[in-house]
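Please read the following account alongside the sequence and the three-dimensional view.

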Amino acid sequence: MNLLLPQLHQLVIRLLPDNSEQSVLLQKEGLKVYFALTQYVLPLDLISKEAFAQWMEICRQVIERSVPPAALQPDEDERPDLPWWKCKKWALHIIYRMFERYGSPGHVTKEYNNFAEWYLPTFSNGILEVLLRQLDSFRGGNWLPPRCLQQTLNYLNQAVSHSLTWKILKPHMSAVIQDVLFPLMSYSAEDHERWTVDPHEYIRVKFDVFEDFVSPVNAAQTLLHSACKKRKEMLQKTMMFLTQVLTNAQTEASQKDGALHMVGSLADILLKKKLYREQLDQLFIKYVFPEFNSDRGHMRARACWVLHYFAEYQFKQENVLVEAINLTVRSLLYDKDLPVKVEAAIALQSLLNYQAKSHKYVEQQVKEIALELLSIIRETENEDVTGVMQKLVCVYTQHLVPIAVEICQHLATTFTQVLDTDEGSDEKAITAMGLLNTIETLLTVMEEQSEIVNLLEPTVLQVVANVLQNGVHEFYEEVLALVYDLTSKQISADMWKVFELIYQVFMKNGMDHFTDMMPVLHNYITVDTNAFLSDEKRLLAIYNMCKEILNKDCGEDPESHAAKLLEIVLLQCRGKIDQAVPMLVELAASRLLREVKTSELRTMCLQVLIAALYYNPQLLFSVLEKMPDFTNHFIKQWLHDADCFLGIHDRKLCVLGLCTLISLPNKPVPLVEMAPKIVPSLILLFDGLKRAYASKALENVEEEESDSSDGEIEEVLSSDEDEIDDQDQDYLESLSRKAVGAGNAAGMPINATIHDIDDDSEDEDSDYKANEETLLEAYTTPLDEENCEIDEFMAFKDVMRRLETTERDWYSQLISCLTEEQKKALMDISVLADQRRAFRESKRIEQQGGYIFTQQTVPTTFKFGNATLG
């Protein structure tokens with residue numbers, strides 16, 4: 001690019017004066033190349049400040065130059081595809097990207113700090129003048145492509161945060177809000193045509209998440225929100241303007257829609273300002289509720305939309321809340337326009353989320369609402385309405401029990417309908433996933449109602465079979481989640497047939513989905529282990545799946561999952577699968593003999609062997625002895641990789657495995673040779689366990705933290721202030737204190753403190769995670785159960801105490817090379833083991849009903865004065 005970029009610049013410069021279609025097409029391609037080069041990284045060694053300024057000047061000229069009459073002749077829908085407009089779009093793409101990613105002080109990564117400080121004063125004035133002239137042309141009635149408008153507004157939104165650019169914008173901002181943003185946010189002729197001709201398409205566009213990224217309406221809403229939130233007087237001026245619009249009897253419906261749209265967009269700001277919060281009841285009564293009776297469907301939809309955005313508001317008068325709920329439910333059940341029903345459904349979901357009092361008012365009609373939602377979902381295939389159904393199921397679980405099967409059948413039928421008509425579109429796929437997620441929600445909330453789940457199972461199995469038997473790969477993850485729910489508490493005969501189906505799918509073409517199958521396979525092994533072992537074909541199926549993954553080039557992440565599954569089988573079926581153990585060990589051992597690139601896979605394969613050691617040492621070594629020098633390799637690799645075992649489970653198993661190993665009556669030669677390294681490795685593991693338990697205690701504290709906050713909104717910026725990202729160390733210190741308390745309460749004293757990360761730290765490890773918990777740790781075994789009898793600290797102390805008494809020479813070999821620091825660490829582990837033993841005993845007594853004190857003779861007199869503690 002050192003050679004090509006200057007040539008590209010010269011080419012574009014030569015082409016600029018020529019405004020012909022062919023010339024502009026080439027200019028556009030040049031701008032696209034420059035954008036691609038600078039989209040994610042700005043190569044400052046390649047692009048000097050002088051060269052950068054030259055490209056910015058090209059963009060300025062392209063944005064500002066007029067277009068020929070030919071660019072305005074086609075219909076508005078076709079114009080954006082013409083090269084003149086596309087060229088402008090790419091120029092705007094570039095200047096916004098340069099500002100947002102590299103030129104915005106306080107919002108860029110540190111390597112661009114100096115560049116940002118240069119960019120802002122150098123280019124802001126010239127670029128903003130050009131962009132404001134574009135908006136002035138637009139408000140004067142001249143057409144601009146939606147994407148050009150969107151990028152222009154995005155640039156202004158970024159400019160609101162900086163004092164230098166805000167001073168340029170401030171004199172024009174009220175005009176921009178009234179003459180540009182307000183019309184954009186009002187109900188348009190295009191909206192009306194779509195509503196009238198194709199309401200389904202209207203709903204699709206309004207709720208299309210992808211549309212938000214390119215829509216000038218969304219960009220207008222974002223700019224309005226930023227200006228009113230961050231800059232003084234803008235909220236007051238905007239609300240005065242909107243009040244005038246709403247109170248004017250001559251205001252057209254489309255403008256009233258725009259005013260309510262703007263008010264709703266500012267909802268979170270208004271809710272935190274007492275001046276406006278006190279007047280919201282009246283806002284609803286005067287300007288929102290009447291629109292529910294409007295003869296214009298779009299105004300009824302807007303009324304629902306406003307309630308959705310103000311759903312967090314704590315109504316001063318309960319009768320106003322009741323009216324809001326009644327109007328919303330009425331619109332959902334009885335309105336003739338589908339877009340109104342959809343908006344009402346979304347509003348109802350928000351009210352149920354934030355207004356606990358609303359639940360009792362909706363309760364009487366909940367069955368009717370549920371059935372209507374199912375009808376809307378089937379007709380619109382809208383993902384957002386599917387979310388409403390999920391909320392309703394969660395809130396009114398008991399009320400919906402009688403129609404749960406009907407709901408599930410509706411959802412299953414709609415899913416089949418979407419599947420049959422799916423032409424591969426993103427919207428259809430999202431809707432289908434939403435339906436499957438709603439079925440999953442239904443199963444989740446009904447999980448305690450086992451008889452209901454049993455009734456739902458046949459319908460859900462139709463969906464599962466439909467997807468798996470027809471090989472609809474894109475929904476494997478979702479249907480496997482349904483299977484997971486149906487196997488979490490018990491496993492029926494039909495669900496064991498599904499296990500066979502999953503195995504067939506895997507062997508046929510499903511290897512790529514092995515990690516998605518993992519939670520389900522874990523259930524089949526752990527939920528009903530006796531049933532799993534009752535048919536040897538099931539264990540053989542697990543073995544074959546793991547063998548396929550470990551023996552073929554599937555990637556080390558799936559291979560790690562396969563090794564984890566082998567470990568789970570060994571720990572879950574301890575003492576019950578002696579004949580199968582050699583096969584499982586050979587599978588993991590043979591994988592260790594081939595190249596392993598990641599420590600995760602290596603430690604997982606080691607863990608299979610450690611689990612086999614824990615299962616039955618004799619069985620393990622009988623297999624390893626058949627492999628030349630493998631026992632030596634295994635023990636040395638294990639101790640060498642002690643620091644690679646992460647989280648609680650992996651370290652705990654590692655400790656228990658080492659305790660088993662050093663307790664063997666016939667010690668392998670490699671073990672004796674490595675004796676001086678065993679206890680230091682254990683100390684390392686225990687140190688990691690302390691951190692992991694401390695981190696777990698901290699996580700529990702964080703989950704209990706409430707992030708709700710009341711009061712006034714944060715202080716707005718004055719004209720000479722910039723917005724800067726910051727973090728609050730006080731919050732971290734508060735969490736630290738609470739974590740220490742939680743750790744002490746759980747029998748694991750915590751001495752760590754939490755500090756903010758220093759951005760300038762040279763030894764920062766970006767991959768480090770405080771809890772070090774691996775994804776695979778979620779797949780629990782008997783060792784991870786809360787009431788597990790095995791405690792690794794206590795087990796280690798008991799083994800060392802026994803060795804000290806019965807095998808003194810071996811004990812001496814283990815501890816003879818310890819440093820003073822390691823000896824102290826060993827003492828600390830011993831103390832902690834006693835603390836954990838005492839905590840367990842205390843907990844056991846508490847669960848049995850408390851301490852029982854032996855009856856003793858009570859002395860008749862007491863003397864405290866000379867008492868001593870002994």
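Against which helices do the buried residues of helix 7 pack? In this predicted model, they pack against helix 4 (83-102), helix 5 (113-139), helix 6 (146-159), helix 11 (216-230), helix 12 (234-247) and helix 13 (253-265). The buried residues of helix 7 include Ser-163, Thr-165, Trp-166, Ile-168 and Leu-169, as well as Met-173, Val-176 and Ile-177. Among them are also Val-180, Leu-181, Phe-182 and Leu-184.

Helix 7 itself is not straight. A kink of about 55° is centred on His-172. The helix runs over residues 163-184, and its end C-alpha atoms are only 26 Å apart, whereas a straight helix of 22 residues would reach 32 Å at 1.5 Å a residue.

The cysteines may be considered next. Zero disulfides are found in a search of the whole structure. Cys-87 accordingly takes part in no disulfide, and the nearest cysteine sulfur, belonging to Cys-59, lies 8.9 Å away; the cut-off for a disulfide is 2.5 Å. Cys-87 is buried, with a relative accessible area of 0%, and Cys-546 likewise counts as buried at 0% relative accessibility.

The charged side chains remain. Side chains of opposite charge can pair when their charged atoms come close. The count of salt bridges in the model is 37.

One of these joins Arg-97 to Glu-100, with the closest N and O atoms 3.3 Å apart. The two residues are three apart in helix 4, so they are separated by about one helical turn. Arg-97 is buried, with a relative accessible area of 16%, while Glu-100 is partly exposed at 24% relative accessibility.

Another salt bridge links Arg-300 and Asp-335, whose closest N and O atoms are 2.6 Å apart. Arg-300 belongs to helix 17 (residues 297-309) and Asp-335 to the loop between helix 18 (318-334) and helix 19 (338-354), so this pair ties together parts that are 35 residues apart in sequence. Both partners are buried: Arg-300 has a relative accessibility of 5%, and Asp-335 has a relative accessible area of 11%.

In a further pair, the side chains of Arg-802 and Glu-807 meet in a salt bridge with an N to O distance of 3.9 Å. Arg-802 is partly exposed, at a relative accessible area of 34%, and Glu-807 is also partly exposed, at 24% relative accessibility. Finally, Glu-57, Arg-60, Glu-64 and Arg-133 are joined through a network of salt bridges.

Technical notes. Residues numbered from 1 in each chain as written. Predicted model: local features only at pLDDT ≥ 70, side-chain atom pairs only at ≥ 80, totals over all residues. Heavy atoms only, no water. Helix = DSSP H or I, 4+ residues; strand = E, 2+ residues; numbered from the N terminus. Expected span 1.5 Å × (residues − 1). Bend = angle between axes of the 7 residues up to and from the residue. Buried < 20%, exposed > 50% of the residue type's maximum accessible area, 1.4 Å probe, protein only. Contact = heavy atoms within 4.5 Å. Salt bridge = Lys/Arg side-chain N within 4 Å of Asp/Glu carboxyl O.
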